[in-house]
Amino acid sequence: MDQNLPAALLHDLCTLVDKPLPVRAEIRVWGMSGVERVTFPDGKTAVFKYAKQPFDREAQALRVAHQRGLPVPELHATAMQDKWLGMLMDDLGIPVRDADDLDGVAAAVMLHAARPAGGLPLLDGAGLTALPGRALDHLQRLRKTGRWTDCDDVESALGKISAAAEARVQGTTLAPFGWVHSEFHPTSIHIGENGLHLLDFARAFTGPGLIDLASYHGTIDTPSPVRLRVLLEQYVTAGGHEDALAPRDGLAAEAWALGWHRMWAVEWFMEQAVRWIDDPAEDPAYIPVVRRHLNDVVQLLEV
């Protein structure tokens with residue numbers, strides 16, 4: 001990334017809101033996006049966020065979420081430069097505490113109750129069915145460049161999942177079906193002095209809401225259907241749709257959700273490897289993660 005680009009985006013944003021240039025302080029910055037707290041000469045603060053494709057749709061999602069009455073930071077201005085999005089939004093301040101499972105349940109109930117956004121990408125049954133095939137396409141592209149050559153096990157697992165996918169997507173459109181945050185973790189929930197807010201809508205889509213609940217506890221540890229079942233029961237008790245507990249294609253809801261979430265994550269990791277990151281030096285980090293998640297998918301979806 002051109003280090004001058006964030007400064008240029010911030011200049012454009014300040015021009016749009018008729019503010020002088022602020023003092024910048026990094027909150028979280030990596031190669032494809034960054035978040036900063038900015039302080040203007042009058043002492044007022046805002047959050048400056050910038051991102052490139054595929055994280056450049058967040059402004060659209062945030063606007064629709066705000067219109068739907070969801071608790072999200074309000075956008076003050078947006079700008080584009082060289083395919084990078086810049087946003088200036090409310091500063092929610094320092095969190096008063098970390099989000100817990102009940103906060104996640106409350107946020108999910110609100111999100112899934114909101115009217116879906118028509119402009120978001122759609123991941124329905126056909127979209128889920130296509131995920132293992134898309135991952136196989138990524139694998140072939142990687143191999144054509146001499147990468148991922150020792151991954152016959154990855155190819156085999158994706159083949160098994162692809163063969164079973166059409167049956168295993170049964171129940172995709174059972175409620176909750178609509179808003180999917182897709183980066184739904186405790187760190188995407190801000191608990192501040194003014195209550196709960198949802199952050200990080202860059203990859204939001206329309207699809208099965210169970211994907212969010214399956215993602216909440218992260219992907220570092222071995223997936224726990226028992227733990228997710230508890231979360232699903234808490235979700236229904238808090239007002240979430242009772243079909244969240246319904247079996248899908250003979251699988252328990254928690255196994256179905258964890259399996260398809262991991263398959264969704266595998267395709268995303270492989271797309272990053274071949275398209276968004278495209279750095280062979282990162283392959284030793286990506287390949288074990290893909291292998292681990294695929295083993296989980298095979299077990300959870302019973303393919």
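The side chains of Glu58 and Lys49 meet in a salt bridge, with 2.9 Å from N to O. This is a predicted model, and a search of the whole structure gives 17 salt bridges. The Glu58–Lys49 pair belongs to a network of salt bridges that links Arg28, Lys49, Glu58 and Asp200. Aromatic pairs number eight, and charges over rings include Lys19 over Phe40 and Arg203 over Trp268.

- Lys49 is placed in strand E3, which covers residues 45–52.
- Lys49 counts as buried because its relative accessibility is 9%, and the cut-off for buried is under 20%.
- Glu58, the salt-bridge partner of Lys49, is also classed as buried, at 2% relative accessibility.
- Beyond residues up to four places away in sequence, Lys49 touches Gly34, Val35, Glu58, Leu85, Gly86, Met87, Met89 and Asp200.
- With Asp200, the contact includes a polar one between the two side chains, at 2.9 Å.
- Arg28, a member of the salt-bridge network that contains Lys49, lies 21 residues from Lys49 in sequence, and their C-alpha atoms are 9.5 Å apart.

**Other salt bridges**

- Arg37 and Asp91 form a salt bridge in which the closest N and O atoms are 2.9 Å apart.
- This pair links distant parts of the chain, 54 residues apart: Arg37 is in strand E2 (residues 33–39), while Asp91 is in the loop between strand E5 (84–89) and helix H3 (101–113).
- Arg37 is partly exposed, with a relative accessible area of 22%, and Asp91 is likewise partly exposed, at 22% relative accessibility.
- Why do these residues not count as buried? Buried requires under 20% and exposed over 50%, so a value of 22% falls in between.
- Arg143 forms a salt bridge with Asp152, with 3.0 Å between the closest N and O atoms.
- Asp152 counts as exposed because its relative accessibility, 54%, is over 50%.

**Aromatic pairs**

- Among the eight aromatic pairs is that of Trp179 and Phe201, with ring centres 5.9 Å apart and planes at 85 degrees, so the pair is edge-to-face.
- Trp179 lies in strand E6 (residues 177–180) and Phe201 in the loop between strand E8 (195–198) and strand E9 (205–208), so the pair ties together parts 22 residues apart in sequence.
- Phe269 and Tyr286 form another edge-to-face aromatic pair, 6.2 Å from centre to centre and with 80 degrees between the planes.
- The Phe269–Tyr286 pair links distant parts of the chain, 17 residues apart, with Phe269 in helix H8 (residues 253–276) and Tyr286 in helix H9 (residues 283–300).
- Tyr286 counts as buried, at 14% relative accessibility.
- Trp30, Phe55 and Trp268 are linked into a cluster by ring pairs.

**Charges over rings**

- Arg203 lies over the face of Trp268, at 3.6 Å from the ring centre; Trp268 is also a member of the ring cluster with Trp30 and Phe55.
- Lys19 lies over the face of Phe40, at 5.2 Å from the ring centre.

Key
Residues are numbered from 1 along each chain as its sequence is written. This is a predicted model: local features need pLDDT of at least 70, side-chain atom pairs count only at pLDDT 80 or more; totals for chains, interfaces and linings use all residues. Side-chain values use heavy atoms; hydrogens and water are left out. Helices (H or I, at least four residues) and strands (E, at least two) are DSSP runs, numbered from the N terminus. Buried means under 20% relative accessible area, exposed over 50%, partly exposed in between (1.4 Å probe, protein chains only). Contact means heavy atoms within 4.5 Å. A polar contact is a pair of N or O atoms within 3.5 Å; within protein, one must be able to donate a hydrogen and the other to accept it, and residues adjacent in sequence count only if both atoms are side-chain atoms. A salt bridge is a side-chain nitrogen of Lys or Arg within 4 Å of a carboxyl oxygen of Asp or Glu. Rings of Phe, Tyr and Trp (its six-membered ring) pair if their centres lie within 6.5 Å; planes under 30 degrees apart count as stacked, over 60 as edge-to-face and the rest as tilted. A charge sits over a ring if NZ of Lys or CZ of Arg is within 6 Å of the ring centre and within 35 degrees of the ring normal.
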